[in-house]
Amino acid sequence: MSERIEDIAVKMVAGGKGLLAADESTATIKKRFDTISLVSTEESRRDYREMLFRSDDAMRKYISGVILYEETLFQKAANGTPFVDIIKAADSIPGIKVDVGAKPLAGFPGETVTEGLDGLADRLAKYYEAGARFAKWRGVIAVSDTLPTFGAIKANAHALARYAALCQQAKIVPIVEPEVLMDGEPGTQSLDRSEEVTRWTLQVVFQELAEARINLEGMILKPSMVIDGKKVRKASVEQVAERTVKVLKETVPSAVPGIAFLSGGQSTEEATAHLSAINSGHDLPWHVTFSYGRALQDSALKAWGGKPENVAAGQRAFTHRAEMNYLAAKGNWTKDREQAA
Ligand code: 5MM
């Protein structure tokens with residue numbers, strides 16, 4: 001495989017393939033396991049992720065790369081094979097989440113800044129050595145009738161840019177993820193408001209990336225779609241697609257090779273339908289695909305249920321969602337395809 005970050009970035013997003021976000025921190029995976037009454041231990045986390053990464057058909061055909069949590073990057077399957085080797089054997093690329101989470105932003109009540117820059121250069125060298133070729137950092141933007149503030153957007157965008165610079169120096173492709181949340185109180189997050197905040201956020205992010213001298217051809221953007229708040233969702237699939245494409249065209253330079261959306265705040269099928277609508281009938285200068293966590297995993301987690309006898313069922317569910325999102329990344333998903341599968 002080519003080691004140029006520009007080539008790795010294209011491979012991450014081209015041909016309808018997309019990314020599996022399996023980088024839940026220990027606290028988040030515990031919450032996911034709670035929904036199936038499974039205790040989160042190093043072993044149960046290993047078994048769950050082994051079920052996903054050994055879904056050979058899904059991994060080979062639909063998944064270009066996997067975002068891992070640090071524990072998983074260095075973890076081995078039950079038979080002793082490193083997870084990194086299993087991912088690479090499927091011609092998929094191992095990646096690593098390097099932020100240490102969103103923390104309260106001093107002086108800005110209700111807002112956060114993502115931390116993890118201290119010592120990052122050393123950690124990146126260690127992750128490269130372990131096989132990671134891309135990384136991910138998520139900045140979180142809260143929305144209400146008074147938020148976000150410029151201060152919070154700027155702090156998060158600046159951290160994303162510093163992170164991206166360190167990644168490129170380490171020959172690792174940075175996934176830049178500014179997530180605009182969709183959990184505003186009813187009435188405070190209309191489609192117009194989401195559009196305005198997403199546009200503002202992406203403008204500031206790309207300004208900071210330019211000031212940090214980021215090579216745009218060697219990065220991937222992982223944004224949220226433009227959707228109204230999930231508590232009272234009214235926007236149609238077509239409206240979400242139109243608004244999202246409009247904002248991205250206004251803010252994301254065409255030198256960026258790919259956009260890989262997150263799925264938080266959407267149901268599994270909404271995330272697929274929206275991605276397909278974005279990719280059909282629009283002339284887009286970038287590859288546009290998925291980097292989904294919940295929308296790829298929810299049905300698989302449920303079908304598996306923490307039971308060894310359900311591994312095949314979990315893999316079937318994961319493969320199905322991966323295929324549906326692959327179709328969506330090509331603009332070819334329809335509800336019929338969903339039901340026929
Ligand atoms: C898989 O979840 C990721 C990690 O979250 P925490 O650090 O909070 O544990 C998350 O960053 C994820 O990669 C993105 O939000 C995309 O996942 P979704 O579920 O939004 O598609």
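## Terms and model

On a 1 Å grid over the protein atoms alone, a pocket is an open set of points with protein on both sides within 12 Å along at least five of seven lines, while a cavity is a set where a 1.4 Å probe fits but cannot get out. Lining residues have an atom within 4 Å of a point. Grid points are joined across faces, edges and corners, and a volume is the space filled by probe spheres set on the points.

This is a predicted model: local features need pLDDT of at least 70, side-chain atom pairs count only at pLDDT 80 or more, and totals for chains, interfaces and linings use all residues. Residues are numbered from 1 along each chain as its sequence is written, and side-chain values use heavy atoms, with hydrogens and water left out.

## The ligand and its shell

Where does the ligand sit? The space it takes is the largest pocket. A molecule sits in a pocket if more than half of its atoms lie within 2 Å of the pocket's grid points.

Ala, Val, Leu, Ile, Met, Phe, Trp, Tyr, Cys and Pro count as nonpolar; Asp, Glu, Lys and Arg count as charged; the others, Gly among them, count as polar. Strands (E, at least two residues) and helices (H or I, at least four) are DSSP runs, numbered from the N terminus.

A side-chain N or O atom of Thr28 is 2.5 Å from an oxygen atom of the ligand. For Ser263, a side-chain N or O atom is also 2.5 Å from a ligand oxygen. Asp23 has a polar side-chain atom 3.0 Å from an oxygen atom of the ligand. On its own, the ligand has 490 Å² of accessible area, and the protein covers 91% of this. These areas come from the Shrake-Rupley method with a 1.4 Å probe.

## The largest pocket

The largest pocket holds about 920 Å³ of space. Its lining has 39 residues, and Thr28, Arg32, Lys97, Arg138 and Arg294 lie nearest its centre. Helix H2 (26-34), helix H7 (120-129), S6, S7 and S10 each give two or more residues to this lining. H2 gives the most, with 4 residues. The lining divides into 13 nonpolar, 10 polar and 16 charged residues.

How many cavities of 30 Å³ or more does the structure hold? The structure holds 1. The largest cavity has about 40 Å³ of space. Among its lining residues are Glu24, Arg32, Tyr48 and Arg294. Helix H12 (residues 294-304) gives the most to the lining, with 4 residues.

## Two backbone features

Which peptide bond is cis? The bond from Leu147 to Pro148 is cis, with omega near 5°. Pro148 lies in the loop between S6 and helix H8 (150-169).

Asp91 is not a glycine, yet it has a positive phi of about 60°. Asp91 is in the loop between helix H6 (83-89) and strand S3 (93-97).

Terms used:
Polar contact = N/O pair within 3.5 Å; in protein donor to acceptor, adjacent residues only side chain to side chain.
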